[in-house]
Amino acid sequence: MSTNSESYVIKEMQVQHATGVDESLNPKTVEDRAVGPLSYMSMWIGDGVNLGNMTLGASLIVAGTATLNIIQTFAAAIIAIGIISTIFSLNDRLGYRTGIPYVVQLRMSFGLKGSVISSLLRGIPAIVWYGFQSWIGGTALNEIAKIITGGAFDNVAICFVVLQLVQIGLSLYGFHAIKWVESLTSIVIILALLYVFGVLVTSHSAVITEKWVHAKGSWGLPFFAFIMMFMGNYAAIFLSAADYSRELKSGISDSKRGFLYFSPILIAYGFSLCIGAMLASATGISNPVKAFAIVVNNSYITFFVSAFIVMGAIATNMVANIIPPTYVITLLTKMKYKVAVTISGLLALCSFPWVLVQDSSAKGLGIFILIYSAFLGPIVSILLIDYYIFRKQKVNVADLYKEDGPFTGFNPAAVLAMLFGAGAAFLKVDLAWIIGVVVAGIAYILLTKFAFKDSKFKKGTIFE
């Protein structure tokens, strides 16, 4: 980071006092940041190696037939991860430089009132994912309970609730708990999945080769739709990149931060997708936990694999699905962090995640991702255009915290651009994310330049 950027950060840190929000939303100072590069990478490995991503891989197998073969799958994955890492390192810059969270960053483009809508569009999918990951983890916890009790106990719902209560307890400790959980689980989970990969290759290679590796697949719409689904799966996370980068130690260049995203996501996400597709090919079941129980037909091994699945669900939720909605609730209700994080966990219990994935198909999960990404694509497009093009990376952070400052109300250009982008995305849901990004970006530029000539949101931009 340059000297100018460092002085910029120090100057903006002066907004720490009397901001009118809970202290958890105040800018993070350099001294407050405790996450180093290795811990940061472990965090994204822990987030990427999870049952949700395996289920996404399993969604490639529909009625026993793969929509993409192995080459097409990994080609789509690498393209998507490259784009994801680039957007991540671009959108995390404001949070990294100033220490502000995503919900405050939104005020720059949407205004104080406008940011309510856009923050909810990030928070609601996170709560659903929170519930989904917990349900998957609860299913694995149920497998453990069945082994321990000799089959006397078999109740996924109770295990789901128990696991959710444990996660609420852990999340009360904030990012310090996230750092500890991710460092522990990332290595353990990778080792466990390497074992499962070995079992699949040695015992089920013939059926996997037939149904997935040598499948005809497609380089057409299904290929590009999977890229969009892949990106849609990460759209919510890189949209709120500031929530994570504000915890990262200072002094790391933009290009190095890009590497901190690309390498762990490539390893974790690619591995998870591969195992998900292999499990679905071998068993015909899209729920990875149930597929594991069939493939690994040994109670001791099933016990340990299920334990790792539970850890993976916790690790993913701690990174991706707990902090964002908690910040949204804190911002909108003025609640303290611990109260808000508890409410996030209770809301996730009510998300009915079992509806998204049935034993025969994980198509519901894919549809859910495509639908919410239709809104998230436009939002990230608006944020990047505003910060890099309109404001030339110069934002008065103190103004973002003022209830009566230049960002009060809502920015009609941003709200309309988001709606135009989402509307266009729904015309072709399979390509929702990219359509939303392009249409919203163009609309935002045109609306800001030619409409709302007296808009106060032009202050500090190239249109002032």
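**Entry: D92**

I started with D92, which sits in the loop between α4 and α5 (93-98). I kept in mind that this is a predicted model. Is D92 buried or exposed? D92 is buried, because its relative accessible area is 0% and the cut-off for buried is under 20%.

D92 and F238 are 146 residues apart in sequence. In space their C-alpha atoms are 7.8 Å apart.

**Entry: salt bridges around D92**

Side chains of opposite charge can pair when their charged atoms come close. I searched the whole structure for such pairs and found 8 salt bridges. Which residue does D92 form a salt bridge with? The partner is R257, and the closest N and O atoms are 2.8 Å apart. This pair links distant parts of the chain, since 165 residues separate D92 in its loop from R257 in helix α11 (residues 254-283). I checked the cover on both ends: D92 and R257 are each buried. For R257 the relative accessibility is 0%.

D254 is partly exposed, with a relative accessible area of 27%.

**Entry: another bridge, and the network**

I looked up R391 as well. R391 forms a salt bridge with D386, and the closest N and O atoms lie 2.8 Å apart. R391 counts as buried at 5% relative accessibility. D386 is buried too, with a relative accessible area of 1%.

**Entry: Q72**

I moved to helix α4 (residues 70-91), where Q72 lies. What lies 3.1 Å from a polar atom of the Q72 side chain? I found the backbone nitrogen of S218 there.

**Entry: cysteines**

A disulfide is a covalent bond between the sulfur atoms of two cysteines. How many disulfides does the structure have? I counted 0 disulfides. I noted the cover on two cysteines. C159 counts as buried at 5% relative accessibility. C274 counts as buried at 10%.

**Entry: helix α19**

Helix α19 (residues 432-450) has 19 residues. From its first C-alpha to its last it reaches 27 Å, close to the 27 Å expected at 1.5 Å a residue. I listed its buried residues, among them W433, V437, Y444 and L447. Glycines G436 and G441 are on that list as well. Just after α19, F452 takes a positive phi of about 50 degrees.

**Entry: a nonpolar patch**

Last, I turned to the surface. Which residues form a nonpolar patch there? I noted V116, I117, L120, I124 and L332. Together they have about 380 Å² of accessible area. Helix α6 (residues 102-149) gives the most to this patch, with 4 residues. L332 has its place in helix α14 (residues 323-333). L332 is partly exposed, because its relative accessible area is 35%, between the cut-offs of 20% and 50%.

Technical notes
Residues are numbered from 1 along each chain as its sequence is written. This is a predicted model: local features need pLDDT of at least 70, side-chain atom pairs count only at pLDDT 80 or more; totals for chains, interfaces and linings use all residues. Side-chain values use heavy atoms; hydrogens and water are left out. Patches are made of residues with over 30% relative accessible area and no salt bridge: like charges are joined within 9 Å, nonpolar side chains (Val, Leu, Ile, Met, Phe, Trp, Tyr) within 5 Å. Accessible areas come from the Shrake-Rupley method with a 1.4 Å probe; for residues, only the protein chains shown count as cover. A salt bridge is a side-chain nitrogen of Lys or Arg within 4 Å of a carboxyl oxygen of Asp or Glu. Helices (H or I, at least four residues) and strands (E, at least two) are DSSP runs, numbered from the N terminus. Buried means under 20% relative accessible area, exposed over 50%, partly exposed in between (1.4 Å probe, protein chains only). A disulfide is a pair of cysteine sulfur atoms within 2.5 Å. The expected span of a helix is 1.5 Å times one less than its number of residues. A polar contact is a pair of N or O atoms within 3.5 Å; within protein, one must be able to donate a hydrogen and the other to accept it, and residues adjacent in sequence count only if both atoms are side-chain atoms.
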